[in-house]
Every structure is written in structure tokens, then in C-alpha cells.
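Please open the structure in your viewer and follow the stops below in order.

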Amino acid sequence: MRTFAFAMENFAAIDFETANGSRSSVCSVGVVVVREGEVVDRYYSLIRPEPDYYAYFCQRVHGLSRRDTCNAPTFPEVWAEIEERIDGLPLVAHNARFDESCLRAVFDCYGMRYPGYTFYDTLAASRQTLKGQVENHQLHTVAAACGYCLEDHHHALADAEACAAIALKLL
């Protein structure tokens with residue numbers, strides 16, 4: 001993960017939700033592509049997780065269950081659609097350690113070669129930039145401080161949109 005020393009105008013904000021404690025169990029993904037400071041593309045998909053079971057805690061967080069993803073595409077199918085959208089762009093996530101670890105784990109799970117994406121972290125940026133100005137650095141709190149109203153927290157696309165808004169303000 002990298003720190004920020006320049007304004008980011010071209011990036012892809014990404015968010016994963018997981019079905020259980022395994023980082024490879026991504027069950028949904030949201031991607032927001034920003035070019036020249038403007039949102040130019042949004043992508044959302046459910047994903048059949050691997051391993052394919054849902055932990056109670058995860059279901060309570062994002063509301064997804066096996067019923068939602070039993071007929072969803074696998075990660076390699078979904079990533080084939082995402083890969084071309086984000087080609088050449090750095091990835092941005094709120095708590096990028098989590099999202100990058102999910103991406104690495106699911107690539108490994110399916111025997112895919114991980115291309116070494118560059119990740120930037122809006123959580124780290126908020127801790128630097130908004131220190132003492134917000135009560136915490138959770139996504140919804142930081143989004144509100146940046147003038148963005150996050151209405152469907154823990155929906156992967158809504159979270160990616162909030163992350164993109166934060167990145168445009170703080171990076």
C-alpha cells in the first residue's frame with residue numbers, strides 16, 4: 001500500500017464483501033472507475049463464494065446469503081469483466097489491507113496469476129488528513145465528512161462509490 005503525495009484523478013475504487021472468515025470467500029464486488037476526476041464507470045456483481053458457505057456474522061453485516069449467490073458467476077468470470085475496466089489504474093479501497101488480501105486470496109484460490117495491483121488506502125488517508133476532525137474513521141463517517149451520503153453501507157457498489165468520493169476529496 002502506498003501513501004499519497006499527489007492528487008489522484010485516475011483510479012478504480014473497489015470493495016469486496018465476504019461470505020465467511022476466509023478472505024477468498026468474496027460474494028460481491030463493487031468497482032467505480034474514475035478518470036480525470038470524474039466517475040466514468042460503475043460495476044457490481046454477486047459472486048459465488050469459495051468456500052461456498054455463509055457465516056452468520058457476515059450475513060448480518062451485508063445481508064447476502066447462499067440464496068443470493070447460488071447461481072452467481074464464479075470469481076474468474078466476474079474478474080474477466082472487471083480486469084478490462086481497471087487496466088492500468090491503481091486501486092483504492094477503504095481499509096485496503098482487507099480488500100487487497102481478499103483479491104490476493106481469491107486469485108490464489110483459483111490458481112490465477114496475481115498481477116500486482118497498486119493499492120491506495122482511503123482509511124490511512126483519512127487518519128492523516130482528518131485526524132481529530134471525525135469521531136472515527138469508518139467508511140460512513142469519513143464519507144459524510146467528505147460531503148458524501150452513504151445510504152446502503154455494506155453493499156459493495158455503494159461502498160466503492162463512497163470510497164471514490166473520499167479519494168477525490170482526500171487524495
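**Asn95 and its loop**

Select Asn95, which counts as partly exposed because its relative accessibility is 32% (buried means under 20% relative accessible area, exposed over 50%, partly exposed in between, with a 1.4 Å probe and protein chains only). Asn95 sits in the loop between β4 (91–93) and α4 (96–109); helices (H or I, at least four residues) and strands (E, at least two) are DSSP runs, numbered from the N terminus. Its phi is near 70 degrees, a positive value in a residue other than glycine.

This is a predicted model, in which local features need pLDDT of at least 70, side-chain atom pairs count only at pLDDT 80 or more, and totals for chains, interfaces and linings use all residues. Residues are numbered from 1 along each chain as its sequence is written, and side-chain values use heavy atoms, leaving out hydrogens and water.

**Glu36**

Glu36 is not a glycine, yet has a positive phi of about 50 degrees. With 66% relative accessibility, Glu36 counts as exposed.

**Glu50 and Pro51**

Now select Glu50 and Pro51, which are joined by a cis peptide bond with omega of about 5 degrees. Pro51 belongs to the loop between β3 (38–46) and α1 (56–62).

**The whole chain**

Finally, zoom out: the chain has seven helices and five strands, in the order β-β-β-α-α-α-β-α-β-α-α-α from the N terminus. The C-alpha trace spans about 40 × 35 × 25 Å along its principal axes. Of the 171 residues, 50% count as buried.
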